[in-house]
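Thanks, everyone. I will take the chain contacts in turn and then the symmetry. Please have the sequence and the model open.

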Amino acid sequence: MLRILNNSVKISKYATGCVPQVLRFASNASSDLVLVREQNGVREITLNHPKTLNSLSLDMLCALQDALLKDKDSVDLRCVVLTAQGKIWSAGHNLKELHNDPKIQACVFQKLTDVINDIQRLPVPVLGKVNGYAAAAGCQLVVSCDMVVCTKNSKFSTPGAGVGVFCSTPGVAVARIMSRPKSAYMLMTGLPVTGEEAYVSGMVTKAVPAEELDKEIEEITNAIKAKSRAVISLGKEFYYKQLAMSQAEAFSAGQEKMCENFQLGDTKEGIASFFEKRPPNWKHN
Amino acid sequence: MLRILNNSVKISKYATGCVPQVLRFASNASSDLVLVREQNGVREITLNHPKTLNSLSLDMLCALQDALLKDKDSVDLRCVVLTAQGKIWSAGHNLKELHNDPKIQACVFQKLTDVINDIQRLPVPVLGKVNGYAAAAGCQLVVSCDMVVCTKNSKFSTPGAGVGVFCSTPGVAVARIMSRPKSAYMLMTGLPVTGEEAYVSGMVTKAVPAEELDKEIEEITNAIKAKSRAVISLGKEFYYKQLAMSQAEAFSAGQEKMCENFQLGDTKEGIASFFEKRPPNWKHN
Amino acid sequence: MLRILNNSVKISKYATGCVPQVLRFASNASSDLVLVREQNGVREITLNHPKTLNSLSLDMLCALQDALLKDKDSVDLRCVVLTAQGKIWSAGHNLKELHNDPKIQACVFQKLTDVINDIQRLPVPVLGKVNGYAAAAGCQLVVSCDMVVCTKNSKFSTPGAGVGVFCSTPGVAVARIMSRPKSAYMLMTGLPVTGEEAYVSGMVTKAVPAEELDKEIEEITNAIKAKSRAVISLGKEFYYKQLAMSQAEAFSAGQEKMCENFQLGDTKEGIASFFEKRPPNWKHN
């Protein structure tokens, strides 16, 4: 069972909306909770609070949300990579923050759900990159990315029951990726699975040797950048929509979406480039 | 195709409820159909009728149900392990019992569904332990446990079509664990899959060498025993509830369940023990 | 990204129903688009237009549909194997045909959905056999077969976004077989997965060395032929029906289906043969 190190509560300028006013006070370090670097259309967001094992405090979640949503509709943003500093990708929620105020609890759980929804609604793909240990809400967060690449030595667990808090919300995420005998194991025993097991069970897209992680991420981001942002955005939105439908509804809605897709300027360009045997010149619309 | 050995029909004191009165007569052996052993909170239930290949007769199902439900709310019960005597874990329903009375058929199928529901509603985790061959309803039963650990040489099949009875109800279970091209294969061909294939396809939690089976089971039961029964029970109940929900509903219900979880006495103790860096002292409430 | 070779549009005698009258003109080659060979109850349908990379033109889909549905209720038909000529199993829809007429687009997408529904409603199992590359709608088609066996060197991809057409309908199929982090990868990057990866992710039933492909297919078709057509048909129909139900509904409907199954003549024969320790003599009813 992963034990979260002590962490002084900091709920700061990042925390807006649901946080009771009294809890908002300044934190001098909050702006460093996540690092954001953007290059050639790829925004890399790094959880950057190793001393709390990158715990998903309300501050951290707010900083992450800001980093995800900033200029999200800009044509220059093509892909997001979510990663973490240190050997613990994230140990999950911050127990110190959570343990005795029901209002804070409700607020923190809602914020994580919001962030997951933001990830899945973002018009560009979000790629989780894991080289370390993702536990509890940290596991929930990373497997909620559109795709996940991890090292074979990475570990994933939902160990909350060990401190009396069953990982019920992380369970919503893992049970929708792995089969029941696998996700029930993670939740009811709290024991970790390795990157390799996570791969076999469908929890992650790929599990690679540590020295190949950057290359694998680059191959994926390059593949995304080679395409039209408008096409990927239309496709991603429909992807999540159809997941909630029956097969019959989904095929019917898919046919309509395909026809709608053909109306995009970039689709005409893509097909023209194909017939003219030249690279497409995307306008991203 | 697994061929079930002849087995004289015995519907006895175990069969209650849906069984027509006329069919209830005493069986001198029925009390040995399952063996029950309980130690340190782990109840081991062993299917114990190798001469019928542990066929799931109405008697067997009733004996199993009794063994599962006995003192189910006792704080002393922390985990159930379901296993079997002999090389055939279970060959499935008893054809001799089933073959010519529609009332008995309906009764037997309902009883198996009841047992599966009992397993999933039990307040403690149920762990299937397989070292052998689980076929048809036997396959359905074991993969309906919360978790399953098998040996790599174990086999699983749904071969009913070979004697004219398509494994429709076992199919409900396997199709919810494996992908369609895998479960359709099992059902439409009746061919078996090995423990290793069962692992890769998500049908079981782990497939281990025979000599590691006991150790693996012990690791799991120890992990469960280290936790609060009340927390595991709350978590297991919600786990099955959320599986039937959309992702959006499930996250919303999960957030409420997490807040409810924090109200448990054992949660306060778990968090206190965490901050005080000592083992928790669970009261299981 | 797979590039489809030029292909003159041919919409011919095969295209009926939704195709605007003006587009129906004769194609002298259309009758060779698929090859059909039937032997001992196994109908092998081969996509046979390698020069268009077996593109799923409206003509091809109509020819395929005809080949699937012909005498579908004949007792002599026991199993269908769907395969392809050449190294490209199918490159997907025919872009030349699709690119500028919304009526044709709607018609082609609807026809593929119809063919997939036909496959899943056919009273006998349909087995995809892949030794090569299945892309886009070609991937959708083959993974919509009841079972799929491929060579380890086969590849599967949904690369449509590369020419501006996100594989939204293929996504409906792959997202129902693979976990989200896997299917999202295929759709959002367009990168291929190998036969081995397809196996691990649940996309196919088996991935075998090329020299074992025929033997594996034969083992499956033999297993199907050893059973009653009526029993397999009843089971297959229920299999797809229950997939759309909750677990509780599905178990309840399954119990009824099992009782109905026992009323078949072949079930009585199957059980009798079992007790008499002789091979069953199926009447297929």
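The contact between chain A and chain B takes 42 residues from chain A and 54 residues from chain B, where contact means heavy atoms within 4.5 Å. This is a predicted model, in which local features need pLDDT of at least 70 and side-chain atom pairs count only at pLDDT 80 or more, while totals for chains, interfaces and linings use all residues. Residues are numbered from 1 along each chain as its sequence is written, chains are lettered from A and ligands numbered from 1 in the order in which they are written, and side-chain values use heavy atoms, with hydrogens and water left out.

Now the area. Chain A and chain B bury about 4,300 Å² between them, and 66% of that is on carbon and sulfur atoms. Buried area here is the accessible area, with a 1.4 Å probe, that two parts lose on being put together, summed over both.

How many salt bridges are there between chain A and chain B? The count is 1, with the term meaning a side-chain nitrogen of Lys or Arg within 4 Å of a carboxyl oxygen of Asp or Glu. Lys206(B) pairs with Glu197(A), and the closest N and O atoms are 3.9 Å apart. Across the interface of chain A and chain B there are also 16 residue pairs in polar contact, both residues at pLDDT 80 or more. A polar contact is a pair of N or O atoms within 3.5 Å; within protein, one must be able to donate a hydrogen and the other to accept it, and residues adjacent in sequence count only if both atoms are side-chain atoms.

On the side of chain A that touches chain B, at least two residues each come from α2 (95-98), α3 (102-121), α5 (168-175), α6 (180-189) and α7 (195-200) of chain A. Helices (H or I, at least four residues) and strands (E, at least two) are DSSP runs, numbered from the N terminus. The largest share, 9 residues, is from α6(A). By class, this side of chain A has 20 nonpolar, 16 polar and 6 charged residues. Ala, Val, Leu, Ile, Met, Phe, Trp, Tyr, Cys and Pro count as nonpolar, Asp, Glu, Lys and Arg as charged, and the others, Gly among them, as polar.

Next, chain C against chain B. Here chain C gives 54 residues and chain B gives 42 residues. The salt bridge is between Lys206(C) and Glu197(B), with the closest N and O atoms 3.9 Å apart. On the side of chain C that touches chain B, elements supplying at least two residues each include β7 (147-151), α8 (213-225) and α10 (247-261) of chain C. The most comes from α9(C), with 10 residues. That side of chain C has 31 nonpolar, 15 polar and 8 charged residues.

Last, the symmetry. Chain C can be laid on chain B by a turn of 120 degrees and a shift of 0.0 Å along the axis, with an RMSD of 0.0 Å; the superposition is by least squares on the C-alpha atoms of residues with pLDDT of at least 70 in both. That is the relation of a three-fold axis. Val200(C) is the residue of chain C that comes closest to the rotation axis, at 3.6 Å (C-alpha). Which surfaces do the copies use? Only 5% of the interface residues of chain A are also interface residues in chain B, so the copies meet through different surfaces.
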